[in-house]
Amino acid sequence: METRNQETGSMKEMEHKLDIRELVDKYLRHFWWFIVSVILSLSFAYLYIHYKVPVYESTATVLIERNDLSSGSAELSMLKDVGLTNEGSVLEDEIELFKSRTLMEKVVSDLRLNWRYENLGTKTGFVRSELFDDNPIDVSPVHSDSAFLEGNLIFEVEISSKSTFQIKDALGVKNGFHWFGGVLSTKFGEISIKKTGRFDKLWIGKTIRVTLTPFNKAVSRVQQSFSVSLASKEANLIVLRIRGNERYKNNVILNRLIAEHEENTILKKNEIVRNTTDFINDRMKYIASELSDVEMEGEKYKSQYHLIDVTSDAASYLEKESDIEKQVIDKTIEKNIVDFMIDFLDKEDGFDHLLPTNLGLEDVSIIEMTNQYNKLVLERNQLASVSGAKNPGIARLESQLSNMRSSLELSLRNLNRSLDFKLNKLKSEEGLYQSKIQDIPKYEREYRDILRQQQIKETLYLFLLQKREENEISLAATVDNMQVVDKAFSSEEPISPKPKVIFLASFFIGLLFPILIIYLIDLLNRKVKNRLDIEKFGLNVLAELPEFKDKEEAIVLNKPHSAIAESFRALRAGLSFILPLEKASGGNVISITSTLGAEGKTFTSINLAYIYAAIGKKVLLLGMDLRKPRLGDYLNLESKVGLSNYLSNSEIDWKSMISVVERNGHEVSVINSGSIPPNPSELLMSGRLKELLEMLRLEYDVIILDNAPIGLVADAMITNDLCDVTLFLVRVNLLDRRMLNLVTQLNKEGKLKRLYIVLNSAKQIKGGYYYTYYEEETSKKSFFQRLRRK
């Protein structure tokens, strides 16, 4: 049992090796296809690399400095804990700002990226390079509102001399000479073509292609080539990348983009300072008016009561009262500022206005909350200008602003109540001291009230003046929170095309394309290709007959050392294991048939007969195809009397029908099919055919029946009981594999006795041993033929 299992495993392994070898041979058979495909693929790759304009990538790195909230007050820390502030969104906001269309439009407009100048090749006009900073001419519309900027034009400027040029339209038609600096009228408006500082005599005779792209399309194109990403999750670094055909142009765009972003950021920050200064100026105008009124009131009071100098008899009480008055003044000033802030918040009900800062409030939490509120307002206004009011990020920021505004109003009102309490306490103490100075004249007390109001207004005015100066200094010292780490830089090697990758890919494509073609041909081909297609249906292949092209091989004995002659010897050897050499009933009867016509039945019958005759056998070849006989034509038989005549006329002697055909010293007896009868099936079913074959068995060693195709008529099945073995011809690339189901069914039902398949026109035999063995004697093989043998 173990030995049998080992044998089974060895057979499976051998079959697997044969399948792989067959698969390899199927593709090596078309070896030249692979060579031609690889050469063509590599040629196309070379042309692509040669004519493709290279693409370069430039990168720049910037550092974003975050303003952390950890140093703020308890209220801000609480807002941070509940998620109302988001310090992690700073980098994301900066990335979106860099990618914003508004910023890119400014860069495209400043650098005129919707204009493109290209130097056409002098030989082919195909290869060209872009002229970005070194173009010798400049094309511009005469009027800034010209429709020329919205056009999509391509035209060529041929420089004729130092002062003239010619314009070719899209069809290459020239329209005369023009002067540099002149005005040209086009259907889109008037333009002017001027020389730049790069112009010299070397440009004379050359052609420059000018391409005008619509502004919005140019912006979209630059945006598509531009990308922004974080350098890493931990670092506050942003990497800017852009791809284009010119390295210098890429670097200029990136550097300009960074500069525009820096300028916008500084402008936004200065907006807070300007709003604070405007607020201080407004308050100073109001306080200056009040101060003027108080001073006028003091003057009128003195004039009315003829007061020049008033002294106090209670100097000690007045000194203490003076200290309290100072505190009252300070608290009153602070309360006025708080009232100003509350009044400002009540009037400004939107989220797009900044709050005044640096007003001198002592409460640190209110100062920090005011600064954070202004920062969120800037982020909200900036996002609204980029993406519109419906952006979900604006709703998030407005929610944060609403919560922070409520907290700020609550803190201001709490502070206001605290100041009222302190002022009331101070005034109560002041009343105690005033009651002790009853001797102070009424006029003195009333005048001191006027002076106190004047002092409050003067102090507040000076305080606001100081804050305005501080804001002006802050405005002059404003810096961006972005630092350029690496300016734009481009490597010398282009990112596209990459010759090594393209050549490697082209090589594999060149190999893959023939494989795909051969696979598709094989997949769509339903014809029988080799013996494996037959063995899959459980049929036995007795022999394989190679395809022949030499007409002399039609009779194999004409070339006894040919491959086809050897294949018939193999067929004869195979039959020797099936049929006994001698038997009591006489000679062996071999029936040869097929599914369709033109599969080589007659050819096989004739050559098998001569192969048997070559070993001294007495052979008779009987034409059994009564419907479309070809045996007589194949052997050039003169006798027209044959089997059909014998079966229909009992007076004809079978020996009179025999024709002896000799080839290369070997004779074969032949009985032709005869005249085409109207009822061939009925004639074959008559008893005379059986009697004829019994007589022929006694006279001949081998009788070969050249039958009709089994797939078209049933004649071959009629003679099934009269033969010893059936050779079923299957021709490569002729018979549909689905027709083998019919052959399998006939074999299982026993309608064809001892059925064996003979594969005709088998091309794989060409690589077989005996073919090579005999052919080496007559011709020398090439290198590729020897390679295919391996």
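Reader: With what handedness does α5 pass α6?

Author: The model is a predicted one. In it, the crossing of α5 and α6 is right-handed.

Reader: At what angle do the axes of α5 and α6 cross?

Author: Helix α5 covers residues 101-111 and helix α6 residues 215-225; their axes come within 10 Å and cross at roughly 110 degrees. Angles of 65 to 115 degrees count as roughly perpendicular, and α5 and α6 are therefore roughly perpendicular to each other.

Reader: Which residues of α5 and α6 meet?

Author: From α5 come Arg 101, Met 104, Glu 105, Val 108 and Ser 109. They meet Phe 215, Asn 216, Ala 218, Val 219, Ser 220, Val 222 and Gln 223 in α6. Sorted by class, this contact of α5 with α6 has six nonpolar, four polar and two charged residues.

Reader: Take another pair. How do α14 and α15 pack?

Author: The axes of helix α14 (residues 563-578) and helix α15 (residues 601-613) are 10 Å apart, and the packing angle is about 75 degrees. That angle makes α14 roughly perpendicular to α15. On the α14 side, the contact is made by Ile 564, Ala 565, Phe 568, Arg 569, Leu 571, Arg 572 and Leu 575. On the α15 side, Phe 603, Thr 604, Asn 607, Leu 608, Ile 611 and Tyr 612 take part. The residues of the contact of α14 with α15 divide into nine nonpolar, two polar and two charged.

Reader: Now a single residue. Is Ser 506 buried or exposed?

Author: A residue counts as buried under 20% relative accessible area. Ser 506 has 9% relative accessibility, so Ser 506 is buried. Ser 506 lies in helix α12, which spans residues 499-524.

Reader: Which residues does Ser 506 touch, leaving aside those up to four places away in sequence?

Author: With those left aside, Ser 506 touches Ser 41, Leu 42 and Ala 45.

Reader: And the protein as a whole: what share of the residues is buried?

Author: Of the 790 residues in the protein, 42% are buried. The accessible surface comes to about 43,300 Å², and 53% of that surface belongs to carbon and sulfur atoms.

Reader: How many helices and strands does the protein have?

Author: There are 23 helices and 21 strands.

Reader: What share of the contacts with a separation of 6 or more joins residues 24 or more positions apart?

Author: Such residue pairs account for 78% of those contacts in the protein.

Conventions:
Residues numbered from 1 in each chain as written. Predicted model: local features only at pLDDT ≥ 70, side-chain atom pairs only at ≥ 80, totals over all residues. Heavy atoms only, no water. Helix = DSSP H or I, 4+ residues; strand = E, 2+ residues; numbered from the N terminus. Buried < 20%, exposed > 50% of the residue type's maximum accessible area, 1.4 Å probe, protein only. Contact = heavy atoms within 4.5 Å. Areas by Shrake-Rupley, 256 points an atom, 1.4 Å probe, with all protein chains shown as cover. Axes fitted to C-alpha atoms, helices over the stretch in contact; angles between N-to-C directions. Parallel < 35°, antiparallel > 145°, perpendicular 65-115°, else oblique. Left-handed = near helix turned anticlockwise from the far one by under 90°. Nonpolar A, V, L, I, M, F, W, Y, C, P; charged D, E, K, R; others polar.
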